[in-house]
Each structure stands twice: as structure tokens, then as C-alpha cells.
Amino acid sequence: MFTMGSGTVRKEWSFTAFQFTESDGSVTLSLDELDMVAHGDNLGSAKKALAEDIVEYAHEYYQEFERYSCAPNRKSHLPYVMKVLTAAAPQELEDAMICQNGKM
């Protein structure tokens with residue numbers, strides 16, 4: 001099991017997530033940098049879900065590094081994966097998310 005890192009990078013990077021408020025008031029976030037989407041009852045729960053998904057993906061990328069780092073649709077993810085793996089905690093990822101209103 002991987003342990004999150006020292007947490008000294010948050011101020012140097014961020015993720016841009018497009019925020020969509022659904023008709024029931026729930027929130028969907030779309031993260032361009034890693035081609036990911038997460039959903040929650042509100043913005044906080046959507047950010048938490050997205051942060052958890054990002055951490056899971058970073059671990060998967062790390063475990064499958066040879067394959068993922070050469071894949072055309074994934075090789076650009078490496079800088080983000082490295083930042084995620086050096087984050088102190090998933091909350092640091094939530095704090096690094098810049099949410100913008102999305103358009104459908």
C-alpha cells in the first residue's frame with residue numbers, strides 16, 4: 001500500500017474541474033487533466049469523490065507504469081500522477097481543485 005508523500009507541492013499546482021449542477025441539486029465535476037468525472041450530493045462530496053478517484057488512478061498508473069507511461073492517451077498524465085503521489089492527503093487534492101462553471 002502506498003503512503004501519501006510529504007505534502008509540499010500543493011501551492012505549485014492545481015487541477016481544473018468543470019462543475020455541473022444537476023436538476024436535483026447534485027454536482028458533477030469533470031477533470032480535464034486526467035479525463036475523469038465524479039458526482040456527489042454537493043460540491044464538497046463531489047470534490048471528495050474526485051480526489052479519491054484521482055488517488056486510485058495514480059496508484060494504478062504507478063503499478064502499471066511501463067504500460068501507462070507509453071499509452072498515447074495516458075502518457076501526459078505522468079506529471080499529475082507524480083504530484084498526486086507526493087501529496088500529503090486526499091484533502092490536499094481537494095484544496096488544489098479549481099472549480100469552474102461548466103456548460104452543457
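Which residue takes a positive phi in the hairpin of β2 and β3? Asp 35 does, with a phi near 55 degrees, in a hairpin that has four residues between the strands. This is a predicted model, and the report below starts from the whole chain and works back to that hairpin.

## The chain at a glance

The chain has four helices and four strands. Going along the sequence, you get β-β-β-α-α-α-α-β. There are 104 residues in the chain, and 40% of them count as buried.

As for contacts, take those in the chain with a separation of 6 or more: 49% of them come from residues 24 or more positions apart.

## The sheet

The four strands make an open sheet, ordered β3-β2-β1-β4, with mixed pairing. At the edges stand β3 and β4 (97-101), each with a single partner strand, so each has one side left without a neighbour in the sheet. Neighbouring strands are turned against each other by 30 degrees on average, ignoring direction.

Helix α1, residues 43-63, packs on this sheet and touches β1 (15-21), β2, β3 and β4. The direction of α1 makes about 140 degrees with that of β3.

## Strand by strand

Now for the pairings. β1 and β4 pair in the parallel sense, over five bridges, and here Gln 19 stands opposite Asn 101 in β4. β1 and β2 run antiparallel and are joined by five bridges. Phe 20 has Thr 28 as its bridge partner in β2. The hairpin of β1 and β2 has five residues between the strands, and Gly 25 there takes a positive phi near 90 degrees.

β2 and β3 also run antiparallel, with five bridges joining them. Leu 29 is partnered by Ala 38 in β3, and Leu 31 stands opposite Met 36 in β3.

What sits on each face of β3, covered and uncovered? Met 36, Ala 38 and Gly 40 are on the covered face, while Val 37 and His 39 are on the uncovered one.

Asp 35 lies in the loop between β2 and β3, and it has a positive phi of about 55 degrees although it is not a glycine. With a relative accessibility of 61%, over the 50% cut-off, Asp 35 counts as exposed.

Glu 33 is found in that loop too, between β2 (27-31) and β3 (36-40). Glu 33 is buried yet has no salt bridge. Which side chain of opposite charge is nearest to Glu 33? That would be Lys 83, 8.8 Å away, whereas a salt bridge needs the nitrogen and the carboxyl oxygen within 4 Å.

What Glu 33 does have is a backbone nitrogen close at hand: that of Thr 16 lies 2.9 Å from a polar atom of the Glu 33 side chain. Leaving aside neighbours within four places in sequence, Glu 33 is in contact with Ser 14, Phe 15, Thr 16, His 77 and Tyr 80.

Glu 64 forms a salt bridge with Arg 67, and their closest N and O atoms are 3.4 Å apart.

How open are the two ends? Glu 64 is partly exposed, with a relative accessible area of 34%, and Arg 67 counts as exposed at 53% relative accessibility.

## A glutamate on α1

Glu 56 has its place in helix α1. Is Glu 56 buried or exposed? It counts as exposed, at 55% relative accessibility. The C-alpha atoms of Glu 56 and Val 84 are separated by 9.9 Å, with the two residues 28 apart along the chain.

Note on methods: Residues are numbered from 1 along each chain as its sequence is written. This is a predicted model: local features need pLDDT of at least 70, side-chain atom pairs count only at pLDDT 80 or more; totals for chains, interfaces and linings use all residues. Side-chain values use heavy atoms; hydrogens and water are left out. Helices (H or I, at least four residues) and strands (E, at least two) are DSSP runs, numbered from the N terminus. Buried means under 20% relative accessible area, exposed over 50%, partly exposed in between (1.4 Å probe, protein chains only). Lys and Arg count as positive and Asp and Glu as negative; His and the chain ends are not counted. A polar contact is a pair of N or O atoms within 3.5 Å; within protein, one must be able to donate a hydrogen and the other to accept it, and residues adjacent in sequence count only if both atoms are side-chain atoms. Contact means heavy atoms within 4.5 Å. Two strands pair if DSSP finds at least two bridges between them. Axes are lines fitted to C-alpha atoms, for helices over the stretch in contact, and angles run from 0 to 180 degrees between N-to-C directions.
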